[in-house]
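Here are my notes on the model you sent over, as numbered points. Have the structure open while you read.

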Amino acid sequence: MITLNILKLSARLTWRRRFGAMLTCIGVASGAFLMTVIETMQGTLTEATSLKPEDRKLVVYRENRFCPFASRLPDAYTARIARVEGVAQVIPVRVIVNNCGTSLGVITFRGLPAEALPGLKLKLIEGSLEAFGQRGDSAVVGQRLAQRYGLKVGQSLDAAGIRVSVAAIVSADEAKNEDVAYVKLDFLQQSTRSLGIVTQFDVLVKEGFDLKVVAQAIDTELHGGQEPTQTRPEKVFVAQMARRLVELIEFTRWVGLAAVAAVLAIVANALMIEVRGRVKLNAVLMTLGYQPGHIRLIVLAEGLALGLFGGLFGLIAAWLFLHFGRFSLSTDGVTLAFQTSPQRLFLVCGICSLLGLLAAVFPAMVAARQSIVASLSAER
Amino acid sequence: MFITCQNITKSFKKGDQIITPLQALTLDLEKGSFTALMGPSGSGKTTLLNLLAGIDSPSSGRLEVAGTDITRLSRSQLGAWRAQNIGYIFQLYHLVPVLTAYENVELPLLLQPLSAAERHKRVCTALDLVALSDRAEHFPRQLSGGQEQRVAIARAIVADPPLLVADEPTGDLDAASAKAILQLLRQLVNDLGKTIVMVTHDAKAAAVADRILHLEKGQLVSDI
Ligand SMILES: Nc1ncnc2c1ncn2[C@@H]1O[C@H](COP(=O)(O)OP(=O)(O)OP(=O)(O)O)[C@@H](O)[C@H]1O
Ligand SMILES: [Mg+2]
């Protein structure tokens, strides 16, 4: 009960100097913003490249592929892959991107047979999916792509020498599948003068079969064909292709560390100034019977509050930034869509609170150690 | 005896110089007495008051206040002891500027296991006693010096400690406000049985006390 009273007093003292506290919070928020964005980038990369036991997806590419343009495989492989033991489903896919380098906001066209569309589990937001089968140049556009370029149903999208009309806007279970325009395979093949040619085959493996074994079996089956293939779990390809991104994102780790250090320094500095300014207040409180532990508690609680609220502001800002900015980074036809998760937001909030508390330890000790008599007669 | 000082000495080290503001002082004070402490500047009045209030410790000697040998207590124990036994009234009031009069008076009660309702009742009673109920929501800067000192007195008595110490409580006030404060202190002794030790430079102020002690160079020179 007494502890609670003292926590309330700490909150009251902080609230009464909320202008200064707000400035500190803004500093912490900037750090938390950086931390959230960086955590999200790293988390997205990890999720996109680390294989999980429940992953069932294989991708068949032409050997030595480094960009979708370079992978050319015949349509006719579809039936041969489907015959391999353990294969549940094969979708021939033609991928066209408007930029193969590393960049933000690449437009990806994914051509696939009309009958494969329902299997992608896309959720309709606007427009109609029926048009997809009927009109050749109709496209189903993922919402991230649509929002980035302000696309509406009925408008046309023109990129990489391909012109499609937007029939529907959809959401998907994975953010990267929302960064794509789905078009009919034969239309894409015609537009790029590559009839009968696809970029890759998306293969779904049956439950209970080992991904590696099935991949090996597919490559062996197609070994005699005119185009040698390389089959891997989707995420392994992503990891290969995204190597440059990995380097780029690894580098941001240092920025994240700097953000952590900045938060520590900002809170510690603010509290040191606060504690110096409160020498007399603390001496008066101690005269009234407050014990060194109580004084420590007041300062620690203040540090925690600054960290917590600053962290909250920062991650709300970061969430808005990532959610409405819909950023994605692409390289070699592989796209990472940055989307943050509640766990990550909790993590950043926790880190900031902890940093606030940590930053308060030294000021709290200084405040509790001061001599009452000397402080009462001090100038300030 | 309510307060027993036996041979208490207090010295400070300042560089390689040792200052001894109190020299082997022996003094007894009765419960319910009102004592004025006088003497020239630097004679050790504040130092003695701080020892009695347990915010400083003597270098040697025995000091018993309200039945406790306070020289044996740790810093934390002293804090807890002060919360129960001491009300300190400063010359410059030392109210917390960011807290209202009400919140200032409430401060000592936050250290006690009281319900919010009980706390409210006690704060109101204390503010009533100093006739400032109508100023409860005002901040110190919105009060006059005399009113600030009355809030400080309410804060000193709200936890009902037996001993009040006051260091020149009227030193910064005009004659009228000073008179009101002195009357209030007298009333606390008469009606509530508080024991008060008050430092003052003013003979008129000292006149409200039952007993006047003169300190000079850390020693008791007269006792009236
Ligand atoms: N913390 C300290 N460190 C060093 N010397 C001190 C300290 N506190 C008091 N003194 C010295 O002790 C002596 C007595 O001081 P004290 O404050 O008790 O005097 P006082 O009688 O209250 O004087 P005044 O009437 O001016 O308030 C002074 O010489 C003072 O300089
Ligand atoms: Mg003095």
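1. Start with the handedness of a helix pair in chain A: α11(A) passes α12(A) in a right-handed crossing. By class, 21 nonpolar, five polar and one charged residues make up the contact of α11(A) with α12(A). Bear in mind throughout that this is a predicted model.

2. How do these two helices run relative to each other? Helix α11 covers residues 292-325 of chain A and helix α12 covers residues 342-369 of chain A, and they pack at an angle of about 150°. Angles over 145 degrees count as roughly antiparallel, and α11(A) and α12(A) are therefore roughly antiparallel to each other. Their axes lie 7 Å apart.

3. Chain B has a helix pair to set beside that one. α5(B) and helix α6 (residues 175-192) of chain B pack at an angle of about 15°. The cut-off for roughly parallel is under 35 degrees, so α5(B) and α6(B) come out as roughly parallel to each other. The axes of α5(B) and α6(B) are 9 Å apart, and α5(B) passes α6(B) in a right-handed crossing.

4. Now the pockets. The largest pocket holds about 1400 Å³ of space. Its lining has 49 residues, and those nearest the centre are A:K57, A:E174, A:K176, A:N177 and A:E234. By class, the lining of the largest pocket has 22 nonpolar, eleven polar and 16 charged residues.

5. Which element gives the most to the lining of the largest pocket? That is α8(A), with five residues. Other elements of chain A that supply at least two residues each include α2 (18-49), β1 (57-62), β3 (87-97) and β15 (334-337).

6. Why does the largest pocket lie between domain 1 and domain 2 of chain A? Both domain 1 (2-48 + 244-376) and domain 2 (64-227) give residues to the lining of the largest pocket, so it lies between them.

7. The second largest pocket has about 510 Å³ of space. Among its 19 lining residues, A:V373, A:L376, A:S377, B:T46 and B:D167 are the closest to its centre.

8. How many cavities of 30 Å³ or more does a search of the whole structure find? The search finds one, and the largest cavity has a volume of about 50 Å³. A:L288 is in its lining, along with B:R82, B:A83, B:I86, B:G87, B:P108, B:R155, B:A156, B:A159 and B:P161.

9. Three elements of chain B give two or more residues to the lining of the largest cavity: α2 (75-85), β6 (86-89) and α5 (145-157). The lining residues of the largest cavity divide into seven nonpolar, one polar and two charged.

Technical notes:
Residues are numbered from 1 along each chain as its sequence is written. Chains are lettered from A and ligands numbered from 1 in the order in which they are written. This is a predicted model: local features need pLDDT of at least 70, side-chain atom pairs count only at pLDDT 80 or more; totals for chains, interfaces and linings use all residues. Side-chain values use heavy atoms; hydrogens and water are left out. Axes are lines fitted to C-alpha atoms, for helices over the stretch in contact, and angles run from 0 to 180 degrees between N-to-C directions. Helices (H or I, at least four residues) and strands (E, at least two) are DSSP runs, numbered from the N terminus. Angles under 35 degrees count as roughly parallel, over 145 as roughly antiparallel, 65 to 115 as roughly perpendicular and the rest as oblique. A crossing is left-handed if the near helix is turned anticlockwise from the far one by less than a right angle, and right-handed if clockwise. Ala, Val, Leu, Ile, Met, Phe, Trp, Tyr, Cys and Pro count as nonpolar, Asp, Glu, Lys and Arg as charged, and the others, Gly among them, as polar. On a 1 Å grid over the protein atoms alone, a cavity is a set of points where a 1.4 Å probe fits but cannot get out, and a pocket is an open set with protein on both sides within 12 Å along at least five of seven lines; lining residues have an atom within 4 Å of a point. Grid points are joined across faces, edges and corners, and a volume is the space filled by probe spheres set on the points. Domain bounds come from an automatic or database domain assignment.
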